[in-house]
Amino acid sequence: MVSLALDREMEADWSAEEPKLSLVKPEDPAEPEASPGPAERDLSPQMEDHQTPGLGGREEQCREGEDEMGSQREEGESHTLENYSGRENRRVGGRADGKKLRKTNSWKTVRFQDPSQTDVVLERDSSGESLFPDYVLEEWKFEELFKAKDWQNITDDCLLRKKVLQPGPPHAPHPTWGQEVTVKLQGFLEDRSVVEKDRKLVFVIGEADVIQGLEECVITMQRDEITLLLAGSQYAYGLLGREPDIPSLAPLLYQLQVEGVQEKRDPLSLPIPDRIRIGNQKRERGNFHFTREEYHMAARAYLMALDVLTTSARDPSEDGLVEVEEEEVHAYRVKCLNNLAATQLRLQQHSEALHTSRDVLCLEPNNVKALFRTGKLLSDQGQYQEAMDLLKKALKLEPATKAIHFELSKLVQRQAGDRPIGEVRTKAMQLLGENVRPFLIPSAKKPPGVSWKLLLGALVVALGSLVTSIVLTARN
């Protein structure tokens with residue numbers, strides 16, 4: 001079902017498919033029911049890429065940051081996003097007093113793992129054991145940790161801090177931007193709820209696969225170093241939080257260890273199944289940003305996914321690529337391109353959206369979303385004939401879709417200025433049948449003229465003035 005209704009949530013119309021972040025085996029996101037009536041898009045951008053704060057810190061800025069954190073926690077309100085699947089309700093240990101740490105429903109960050117290890121990793125992640133049994137966490141209050149003197153400031157606003165529990169080898173290198181790292185981590189809220197837990201999280205620094213605080217912290221660590229990381233909400237999930245387990249403006253505490261550092265591999269050197277897996281994870285990350293109206297971040301994730309979702313091969317092992325794998329790659333590219341075009345429209349990048357939609361039609365000529373979007377954009381540019389052909393094709397594929405009828409009606413109305421009204425009405429009836437809009441019927445009202453009552457009144461006033469002037473003259 002095609003619709004133009006897109007306002008604050010992802011609809012099934014010509015925007016991205018509804019994102020459901022499946023972290024190991026991505027599945028096709030199910031599309032919700034579209035709203036019945038067409039509506040114009042709100043295409044204003046909502047979010048800029050995050051800035052990277054400098055290192056260092058000052059006492060005065062620390063105090064300001066602490067006050068800001070306190071006020072944000074008091075005034076923040078939770079924003080509802082979609083419910084993510086694959087969550088469990090378990091309890092994890094890790095306190096010296098024998099009490100259990102609570103594990104809430106959690107959504108893991110994007111992982112780049114070997115599909116053969118999927119079941120093993122999930123089973124381990126849902127266990128009741130702490131990932132760092134040698135470092136039992138003491139009771140804490142985030143307000144005190146933000147002021148503690150034995151913590152190091154990663155950023156100069158004192159809202160991203162670390163405390164080294166176990167240093168790495170003396171000459172171990174630090175990861176750099178663009179490198180791929182393997183991290184073991186678990187994250188907590190202030191009430192000790194475990195909201196993130198991963199034995200083997202692999203991500204590329206600088207590609208926004210995880211929250212900004214983790215990227216900023218990892219580049220200050222060495223291999224095998226174990227660190228506590230305290231991240232303010234702006235370095236975690238911000239104002240929106242992450243429903244249902246991370247509230248709005250919630251700071252997070254992480255235990256993490258860097259277990260591996262290597263250079264990022266060229267996507268073209270990967271086997272096709274790995275490209276599909278990684279490309280889908282990037283696309284789903286883009287869907288996550290789209291639902292939060294972080295459109296610049298979403299577009300960036302979709303572009304990175306398209307770089308991976310390709311069948312271009314450089315190694316001889318892919319010479320025997322089966323047709324099924326090629327079709328699968330093309331299907332995921334179509335989804336990613338459609339999502340990218342919807343994001344570009346939200347950013348008012350109309351020419352880029354038109355180019356992206358044409359790329360979809362090159363891969364899938366009968367894609368209704370791309371046909372509709374391309375036709376609408378061409379109609380807005382005044383290219384009526386090509387727009388008419390594309391919209392008619394979309395209508396033939398989905399004749400019950402009201403949005404296509406609406407756009408065709410608007411297109412016919414735009415052409416009315418250059419044609420006799422009878423010809424326009426005949427053309428509209430041929431295209432739309434009984435759905436032709438009332439605005440195509442010419443108005444029966446006559447053009448407004450000068451009222452006879454107004455003329456009579458003006459004449460009476462003129463005659464009265466003339467008589468009065470004659471009488472006054474006679475008296476004089």
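**View 1. Gly-232 in the loop between β7 and β8.** Gly-232 sits in the loop that joins β7 (226–231) to β8 (252–263). In this predicted model, local features need pLDDT of at least 70 and side-chain atom pairs count only at pLDDT 80 or more, whereas totals for chains, interfaces and linings use all residues. Residues are numbered from 1 along each chain as its sequence is written, and side-chain values use heavy atoms, with hydrogens and water left out. Helices (H or I, at least four residues) and strands (E, at least two) are DSSP runs, numbered from the N terminus. The relative accessible area of Gly-232 is 0%, so Gly-232 is buried (buried is under 20% relative accessible area, exposed over 50%, partly exposed in between, with a 1.4 Å probe and protein chains only).

**View 2. The cis peptide bond at Pro-244.** Pro-244 belongs to the loop between β7 and β8. The peptide bond that leads from Glu-243 into Pro-244 is cis, and its omega is near 0 degrees. Most residues other than glycine have a negative phi, and most peptide bonds are trans.

View 3. Arg-161 lies in strand β4 (residues 160–166). Its relative accessible area is 5%, so Arg-161 counts as buried. Leu-230 is 69 residues away from Arg-161 in sequence, yet the C-alpha to C-alpha distance between the two is 5.2 Å. Apart from neighbours within four places in sequence, the residues in contact with Arg-161 (contact means heavy atoms within 4.5 Å) include Leu-228, Leu-229 and Leu-230. Among the other contacts of Arg-161 are Leu-145, Phe-146, Lys-147 and Ala-148, as well as Trp-151, Gln-152, Asn-153 and Ile-154.

View 4. Cys-158 is in the loop between β3 (152–153) and β4. Although Cys-158 is not a glycine, its phi is positive, near 60 degrees. A relative accessible area of 1% makes Cys-158 buried. Asp-224 is in the loop between α4 (212–218) and β7. Asp-224 is another residue other than glycine with a positive phi, here of about 75 degrees. With a relative accessible area of 31%, Asp-224 is partly exposed.

View 5. Helix α5 (residues 272–291) has 20 residues. The span of α5 from first to last C-alpha is 29 Å, close to the 28 Å expected at 1.5 Å a residue (the expected span is 1.5 Å times one less than the number of residues). Helix α5 is mostly covered, with 19 of its 20 residues buried.

**View 6. Packing of α7 against α8.** Helix α7 (residues 323–346) has 24 residues and spans 35 Å from its first C-alpha to its last, close to the 34 Å expected at 1.5 Å a residue. Just after α7, Gln-348 has a positive phi of about 60 degrees. The axes of α7 and α8 (residues 350–363) come within 8 Å and cross at roughly 160 degrees (axes are lines fitted to C-alpha atoms, for helices over the stretch in contact, and angles run from 0 to 180 degrees between N-to-C directions). Helices α7 and α8 are therefore roughly antiparallel (angles under 35 degrees count as roughly parallel, over 145 as roughly antiparallel, 65 to 115 as roughly perpendicular, the rest as oblique). The two helices cross in a left-handed sense (left-handed if the near helix is turned anticlockwise from the far one by less than a right angle, right-handed if clockwise). Residues of α7 in this contact include His-330, Arg-333, Val-334 and Leu-337, and those of α8 include His-350, Glu-352, Val-360 and Leu-363.

**View 7. Packing of α10 against α11.** Helices α10 (residues 384–397) and α11 (residues 402–415) have axes that come within 10 Å and cross at roughly 155 degrees. This angle makes α10 roughly antiparallel to α11. The crossing of α10 and α11 is left-handed. Among the residues that meet are Tyr-384, Ala-387, Met-388 and Leu-391 in α10, and Ile-404, Leu-408, Leu-411 and Gln-415 in α11.

**View 8. The protein chain as a whole.** The protein chain holds 13 helices and eight strands. Of its 476 residues, 49% count as buried. Among contacts in the chain with a separation of 6 or more, 71% are between residues 24 or more positions apart.
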